[in-house]
Amino acid sequence: MSPVHKEGAPSTDPDQLHDQFNEVWGNPRGWKALTIVNHTSIGLRFLVTGGVFFLIGGLLAMLIRTQLALPGYELMEPDVYNQVFTMHGTVMMFLFAVPMMEGLAVYLIPKMLGARDLVFPRLSALGYFCYLFGGIILLSSIFLDVAPKAGWFMYTPLSSAAHTPGVNSDFWLLGITFVEISAVSAGVELVVSILRTRASGMALHKMPIYAWYILVMAMMIVVGFPPLILGSILLELERAAGMPFFDVARGGDPLLWQHLFWLFGHPEVYIIFLPGAGIVSTLIPVFCQRPLVGYRWVVLGVLTTGFISFGLWVHHMFTVGIPQLAQAFFSAASMLVAIPTGIQVFAWLATLWLGRPVYRVPMLWLVGFLIVFVAGGLTGVMLALVPFDWQVHDTHFVVAHMHYVLVGGMFFPLMAGLYYWLPHFSGRMPSEKLGRWGFWLFFIGFNLTFLIMHWTGLIGMPRRVYTYDTGLGWDMPNLVSSIGSFIMSIGVATILLDIVLHFRFGVAAPKNPWNADTLEWATSLPPSAYNFISLPEVRDRHPLWKDPDLPDSIARGEHALTVIDHGRRETWGVDPLTGNVREVVHLPGNSWLPFVASLFLAMLCLSLLNKTYMLAIIATLAALIVLFRWSWVNGAHPGAAPDAKTQPGEPPLHSRTFDGPGLWGMGVTLLANGALYLSLLFGWFYLWTVSPDWQVPDRSLNGWLMLASALLLSVGTFGLHQVIRRLRAGDIRRLLPNLALLAGLAFMQSATLLWLLLTAGLEPKATAHDAIIFVMLAYSLIHCTLAAVLTALQAWRVSYGYVGEQAPYEPIVVEQLWLYNLGVLWTSYVAIVLFPATWGAA
């Protein structure tokens with residue numbers, strides 16, 4: 001038993017203690033509900049918003065199937081059809097699938113891990129509002145008749161200004177980039193929360209299996225989404241500023257877009273699948289009433305799947321003319337990924353075989369998942385064969401395969417989880433009768449729609465066509481598919497009706513209604529804002545099976561961290577591996593800052609769409625001011641922790657240590673940032689070696705000035721490291737002047753970068769060569785200036801006493817950014833100064 005864990009009678013009456021916790025953790029109503037940062041509310045908002053986007057995407061799909069039901073039928077004009085087709089894929093992939101799975105994880109992860117909230121609650125709120133506003137901006141294009149129409153994959157040159165001259169593609173590029181901010185922020189949030197805020201004693205190998213799936217998913221988002229963000233930025237720069245990244249005539253290459261898109265797009269498939277598989281691995285043991293077979297093998301399979309998925313992106317590009325050796329490699333890798341997925345499938349089947357499954361509504365969806373997803377996996381292996389892929393690549397066979405994998409791997413498990421956790425959301429049990437009707441209508445309709453579509457593709461029907469002639473053998477299969485889609489939509493309507501009625505007429509749920517083993521069922525139904533009034537010690541993978549009375553003892557306040565009179569929101573900070581308690585993490589409360597920051601970011605997005613660049617600059621500055629204010633009321637600031645004392649036997653507050661969650665948050669954020677930079681570096685070397693008309697100007701960059709800037713940054717980074725070394729030793733003498741001096745040096749170094757950028761004589765509109773150099777230098781300039789500002793803020797915080805011997809860890813967080821900038825600037829120097837010299841190019 002850990003020294004901070006206590007047993008016995010609570011020091012206060014449980015009802016009184018709950019009232020005290022509600023005063024600190026409670027959610028306001030009315031307009032102030034926009035200030036809520038609690039993960040339960042934010043997770044539910046993600047789920048409801050994602051559900052609305054799903055219904056919109058489904059309506060667009062019905063328009064597509066109605067258009068294709070009969071040969072020569074014209075419900076929509078070709079231009080409108082292209083908009084509907086593009087928006088259907090965009091909504092389902094970007095506004096429904098990933099946000100829905102992230103939202104469920106945001107809701108569940110703290111509860112499953114025995115924590116009171118996610119580690120960065122305001123980041124979760126910012127992510128939600130960015131998702132909401134980005135989705136609204138994107139969908140508004142439909143009603144304005146300027147929706148994107150180049151396909152949800154936005155291939156260049158079709159999406160370039162020459163072929164799509166209006167704002168259609170700009171809506172996609174800016175709206176999706178806005179939404180991706182939400183996805184990456186949630187990814188950072190989930191990674192750090194899973195690693196650093198669990199129940200006392202919950203080691204990594206004792207975590208619920210769902211947490212492993214979400215950890216891998218979140219890491220994949222952190223690494224996999226930045227390539228698409230970069231691609232969107234580059235394409236928008238090409239459209240708005242004329243920089244030719246994808247224009248062959250000026251040294252670009254449209255295939256670079258495909259590489260960047262699928263560097264995101266194929267991991268995206270597994271980002272969607274893994275949380276669904278996590279739901280399956282969580283629910284099957286509950287309905288079989290036995291532990292999951294092969295827990296360690298499943299974890300290994302999940303980790304391997306996440307790793308291998310990043311090596312498969314080119315299998316979407318087998319028909320673009322890549323070398324045969326690359327085709328062979330990516331074909332083999334595409335088949336290899338079936339092995340870790342197969343491990344998981346056999347673990348599920350073994351658990352079903354050894355248990356006694358009870359076929360309630362959630363189990364029906366799980367069985368449907370196994371049938372549909374395995375079928376999709378088999379057609380995936382077929383498509384991994386290059387000759388077969390050549391034959392069916394642009395046909396409805398691929399459409400059918402994609403829906404079997406994505407709907408089978410994501411929607412079926414999501415519905416199983418939704419029915420399973422409905423009592424958690426509402427405190428009521430779902431209807432078995434309506435639930436079964438909904439399942440069978442959807443299951444039959446889905447297979448009618450997409451099973452027949454394999455045959456439609458094999459007999460030659462191409463994808464992305466808005467109509468077709470009769471007599472080609474496609475008439476009957478398309479009619480059957482369209483009828484199936486209407487049956488499927490009736491199933492969705494039945495499920496929706498069931499959920500709505502259940503909130504009003506459902507039977508009250510008992511405690512732990514499914515006899516589950518994980519901690520989310522130890523909360524009240526529905527849960528309070530703080531999840532657990534006392535935090536238990538957990539050293540078993542199935543805590544509620546080991547101790548069925550645990551929910552009651554938690555509610556009586558018989559465990560740890562029950563003091564609330566200091567007014568702080570607290571949860572444990574633990575060692576990432578062992579789960580042993582290391583600090584008390586104090587969490588920020590409700591705030592307008594996330595909502596206001598997201599409003600300014602939305603204003604920035606709209607300003608760029610309308611090309612009102614002065615307003616865009618104002619919105620950017622306003623957003624930065626709000627974000628800097630956000631960072632100011634933090635750590636040892638009285639508004640963040642007015643009382644820094646902890647109870648006897650408890651560890652210190654995280655802001656009084658050298659290893660708070662902010663350090664981990666910065667590290668994971670820089671990992672995402674590094675993925676974006678490496679994608680840019682990949683683009684530089686790709687164009688240099690592959691672009692058919694790569695052009696190297698006669699003049700050269702001032703390498704000496706760039707070298708001087710890198711040396712200045714090296715000196716500053718070394719100086720900051722020495723300051724932090726003395727701070728760790730307890731020496732705070734000259735901390736303020738040293739940080740101020742380093743901030744001045746950082747501003748000087750940023751000025752040299754700006755001087756280099758202004759005097760380099762670059763012509764970024766003339767050649768892709770100069771355009772990429774311009775983006776690389778601008779990237780370093782922005783990050784180095786940010787490091788200078790943050791270092792100056794640290795010096796200012798020292799003067800207020802918010803940073804010092806008692807609160808030392810903020811400068812360590814800033815040091816990570818300095819080190820990152822140093823690595824980026826030296827790498828850029830090698831890439832754009834030394835590398836061309838080795839090729840004899842000036």
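**Strands, surface and bridges**

Modeller: Strand β1, residues 569-574, is mostly covered, as 6 of its 6 residues are buried. Buried means under 20% relative accessible area, exposed means over 50%, and partly exposed lies in between, with a 1.4 Å probe and protein chains only. Strands (E, at least two residues) and helices (H or I, at least four) are DSSP runs, numbered from the N terminus. This is a predicted model, in which local features need pLDDT of at least 70 and side-chain atom pairs count only at pLDDT 80 or more, whereas totals for chains, interfaces and linings use all residues. Residues are numbered from 1 along each chain as its sequence is written, and side-chain values use heavy atoms, with hydrogens and water left out.

Colleague: How many bridges join β1 to strand β2?

Modeller: Two strands pair if DSSP finds at least two bridges between them. Here 6 bridges join β1 to β2 (residues 581-587), and the two run antiparallel. Within the pair, Glu570 stands opposite His586 of β2. The hairpin has 6 residues between its strands, and Gly579 takes a positive phi near 80 degrees there.

Colleague: Which residues other than glycine have a positive phi?

Modeller: Most residues other than glycine have a negative phi, and most peptide bonds are trans. Met154 has a phi near 50 degrees; Met154 is found in the loop between α4 and α5 and is buried, with a relative accessible area of 0%. Arg464 has a phi near 65 degrees. Arg464 is in the loop between α15 (432-458) and α16, and is partly exposed at 30% relative accessible area.

Colleague: Where is a peptide bond cis?

Modeller: The bond from Thr156 to Pro157 is cis, with omega near 5 degrees. Pro157 is placed in the loop between α4 (121-143) and α5 (168-196). Leu525 and Pro526 are also joined by a cis peptide bond, with omega about -10 degrees, and Pro526 lies in the loop between α16 (475-505) and α17 (543-546).

Colleague: Which residues make the nonpolar surface patch?

Modeller: Patches are made of residues with over 30% relative accessible area and no salt bridge; like charges are joined within 9 Å, and nonpolar side chains (Val, Leu, Ile, Met, Phe, Trp, Tyr) within 5 Å. Accessible areas come from the Shrake-Rupley method with a 1.4 Å probe, and for residues only the protein chains shown count as cover. The patch of about 690 Å² is made by Met603, Met614, Leu615, Ile617, Ile618, Leu621, Leu624 and Leu627. Helix α20 (residues 613-632) gives the most to the patch, with 7 residues. Leu624, which is in α20, is partly exposed at 36% relative accessible area.

Colleague: What does Leu742 touch, leaving out residues up to four places away in sequence?

Modeller: Contact means heavy atoms within 4.5 Å. On that basis, and with those residues not counted, Leu742 touches Gly716, Gly719, Leu720, Val723, Thr791 and Trp818. Leu742 lies in helix α23 (residues 735-759) and counts as buried at 8% relative accessibility.

Colleague: How many salt bridges does a search of the whole structure find?

Modeller: A salt bridge is a side-chain nitrogen of Lys or Arg within 4 Å of a carboxyl oxygen of Asp or Glu. The search finds 17. One of them links Arg360 with Glu432, the closest N and O atoms being 3.0 Å apart. Arg360 lies in the loop between α11 (338-354) and α12 (361-383) and Glu432 in helix α15, so the pair ties together parts 72 residues apart in sequence. Both are partly exposed, Arg360 at 30% and Glu432 at 25% relative accessibility.
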